[in-house]
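Welcome! Please take a look at the structure before you start.

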Amino acid sequence: MAHTQFQPFGNAGLLGVLTTSETITSADLTAAAALVSGPTVAASSVAVGTIIKIEGRGTFRTNSTAQTLECAAFVGGTNIATTGAKTLQDISTLELFQYEATFRYMTVGATGTVLTSLWVRSILETSGTANWAGQVLDTTATVDTTAANVHQVGFAYGAAHASNTLTVYIQNSFQYGLA
């Protein structure tokens, strides 16, 4: 996954843009195939108050049986916030969704603390009601900020099936307040 990295406004700016789509069919949330690559922040480069934000949009579809879908936020490969598995209606045509993960560093160091908020939402085109929605607000986790850490969002179905697809087409990553 290629990301364009630049900081046009001093210590704030766009970290990267997803330049190709990623398709996920996995039922394992921790598998590399379930993760959408996000920005890697260099070792010791975050300060108290640093915010990393990842937002994206895409489509998903399930097979003809009831399925669940889960979304989670990861730092350094560790799952730090999850929406939990949400039951989906049968979706045999593509459905649009969007998501956002915000990581705010409250303390730094080998036992730094990150406060994470995560939400995801889709809309059924036929009824206009939410099919897949979940949020996690203000979850804290310990993160070693003296090491480089990749920030990612992951998706997984309750059961693998060849007809299950989730494709992220647009993803932007922003950072505010790096050391």
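Predicted model: local features only at pLDDT ≥ 70, side-chain atom pairs only at ≥ 80, totals over all residues.

**Exercise 1.** Find out which elements make up the chain, going from the N terminus.

Solution. Step one: write down the order, which reads β-β-β-β-β-β-β-β-β-β-β-β-β. Step two: check the tally, which is 13 strands and zero helices. Step three: look at the contacts with a separation of 6 or more, where residues 24 or more positions apart account for 76%. Step four: turn to burial, where 46% of the 179 residues count as buried.

**Exercise 2.** Find the salt bridge of the chain and say which parts it ties together.

Solution. Start with the count, which is one salt bridge. Its partners are the side chains of Lys53 and Glu100, at 3.8 Å from N to O, which falls within the 4 Å cut-off. Lys53 belongs to strand 5 (residues 46–61) and Glu100 to strand 9 (residues 95–107), so the pair links parts 47 residues apart in sequence. Now compare with the 20% limit for buried residues: Lys53 has 22% relative accessibility and is partly exposed, while Glu100 has 18% and is buried.

**Exercise 3.** What does the side chain of Glu95 make a polar contact with?

Solution. First, locate Glu95, which sits in strand 9. Next, look for a salt bridge: Glu95 is buried but has none, and Arg121, the nearest side chain of opposite charge, is 9.0 Å away. Finally, look for a polar contact: the side chain of Ser122 is the partner, at 2.8 Å.

Definitions and conventions
Residues numbered from 1 in each chain as written. Heavy atoms only, no water. Helix = DSSP H or I, 4+ residues; strand = E, 2+ residues; numbered from the N terminus. Buried < 20%, exposed > 50% of the residue type's maximum accessible area, 1.4 Å probe, protein only. Lys, Arg positive; Asp, Glu negative; His and termini not counted. Polar contact = N/O pair within 3.5 Å; in protein donor to acceptor, adjacent residues only side chain to side chain. Contact = heavy atoms within 4.5 Å.
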